[in-house]
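Visitor: I would like to know what stands behind the words used for this model. Please give the value and the cut-off each time.

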Amino acid sequence: TQLERIFVTIRQTFSLSSKVEITVECAPGTLSDSVLEGLQRGGVNRISLGVQSFDDHEAASVARKHGHATVIEDIFRLRSAGISNINIDLIAGLPHQTRESWEGSLEQLISLQVPHASIYMLEVDEDSRLGRELIAGGQKYHAHFVPDEDLTAEMYEVAGERLNAAEIRQYEISNFARTGFESVHNLKYWTRQPYLGFGVDAHSMLRSNSDGSSVRFSNSDSLEKYLAGEPREIASISTEGALEETFFLGLRMNRGVDLKDLVDKFGEKTVMAYSHSISELIDLGLLERSAGIIRLTPKGRMLSNEVFERFIRADSAV
């Protein structure tokens, strides 16, 4: 299969660590015997399932073709094939979702004893037909059955409580894991480690200097242009840009950002330029500071975009 060809090419081109994490994202119901065999031959050891909801009515409302029984069967078959490192995605704020149905999905997730979960709040934007309908105030695609923002936020908070109590602990705004099962590739993004992306609309980042400056490049999001060899888009990230990224990516993680490490890397004057913004965010209850480490508060996680803007706006460094 094409997927197997990719795995073979990677192994022929790169020297892989014995502890390499190989993740494939799958839609429930697509793990046929041939696909599963291909994953095994490719050495895949982690699967992320886009479940979204264990309530069949909610899943159908966002065009998911699977039911909860399919997810349970997929997990059984993955474990039988020796793949036990499994992530499940859930979304809070889907059409028809209630506090009770959400708790039902969380209980189902916990009962399946998967080691990793990703919990997202429904994003309302023009990039999806549901988002466009919500913005327009229409009723297509079950838009008028979408929970309000307060209920969606409450469901996100409930998820944190339930999963942490089940020892699937939050380590990033949207991600929860049992000890030792944190997502390796995502941690690379959040800690600004170099990574390479291949294929249509793939993004990459290479660090060029010890001061954190780097180069990002991306392939075309059009298959036709990609196959035609359209040049990559390349962007240079300055030292100041690297510091901004270190702030807003690092703050995504529960462990937060160590200001002393930033001073050692970027210089005291550069880092202290953000002290006013940090103090204001602490006063607003969005950040907390302990032993030189700043972290988002629970309130800050709910308003994370507003926090991150303070580190990337032109007037933040004053």
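Guide: Start with axes: an axis is a line fitted to C-alpha atoms, for helices over the stretch in contact, and angles run from 0 to 180 degrees between N-to-C directions. Helices are DSSP runs of H or I with at least four residues, strands are runs of E with at least two, and both are numbered from the N terminus. The model is predicted, so local features need pLDDT of at least 70 and side-chain atom pairs pLDDT 80 or more, while totals for chains, interfaces and linings use all residues. Residues are numbered from 1 along each chain as its sequence is written, and side-chain values use heavy atoms, without hydrogens and water.

Visitor: How many helices and strands does that give for the protein chain?

Guide: The protein chain has 15 helices and 12 strands.

Visitor: Why is helix 5 called roughly parallel to helix 7?

Guide: Helix 5 (residues 99-111) and helix 7 (residues 149-165) have axes 10 Å apart, at an angle of about 25 degrees. Roughly parallel means under 35 degrees, roughly antiparallel over 145, roughly perpendicular 65 to 115, and oblique the rest. Helix 5 is therefore roughly parallel to helix 7.

Visitor: Which residues of helix 5 and helix 7 meet?

Guide: Contact means heavy atoms within 4.5 Å. From helix 5, R99, W102, E103, L106, L109 and I110 meet residues of helix 7 that include L151, E154, Y156 and R162. By class, this contact has 10 nonpolar, no polar and four charged residues. Nonpolar covers Ala, Val, Leu, Ile, Met, Phe, Trp, Tyr, Cys and Pro; charged covers Asp, Glu, Lys and Arg; polar covers the others, Gly among them.

Visitor: What makes helix 10 roughly antiparallel to helix 11?

Guide: The axes of helix 10 (residues 239-250) and helix 11 (residues 259-266) come within 12 Å and cross at roughly 165 degrees. That angle puts helix 10 roughly antiparallel to helix 11. In this pair, T239, A242, L243, T246 and F247 of helix 10 meet L259, L262 and F266 of helix 11. The contact has six nonpolar, two polar and no charged residues.

Visitor: Why is R77 called buried?

Guide: Buried means under 20% relative accessible area, exposed over 50%, and partly exposed in between, with a 1.4 Å probe and protein chains only. R77 has 18%, so R77 is buried. R77 lies in helix 4 (residues 68-80). The side chain of R77 reaches the backbone oxygen of L31 at 2.4 Å. Apart from neighbours within four places in sequence, R77 contacts L31, S32, D33 and L36.

Visitor: Why is E280 put in the partly exposed class?

Guide: E280, in helix 13 (residues 275-283), has a relative accessible area of 30%, so E280 counts as partly exposed. Its C-alpha is 9.8 Å from that of R310, which is 30 residues away in sequence.

Visitor: What is said about the phi of Q52 and Q113?

Guide: Most residues other than glycine have a negative phi. Q52, in strand 2 (residues 46-52), has a positive phi of about 70 degrees. Phi of Q113 is also positive, near 55 degrees, and Q113 sits in the loop between helix 5 and strand 4 (116-121).

Visitor: Are Q52 and Q113 buried or exposed?

Guide: Q52 has 11% relative accessible area and is therefore buried. Q113 has 57% and therefore counts as exposed. Over the 318 residues of the protein chain, 43% count as buried.

Conventions. A polar contact is a pair of N or O atoms within 3.5 Å; within protein, one must be able to donate a hydrogen and the other to accept it, and residues adjacent in sequence count only if both atoms are side-chain atoms.
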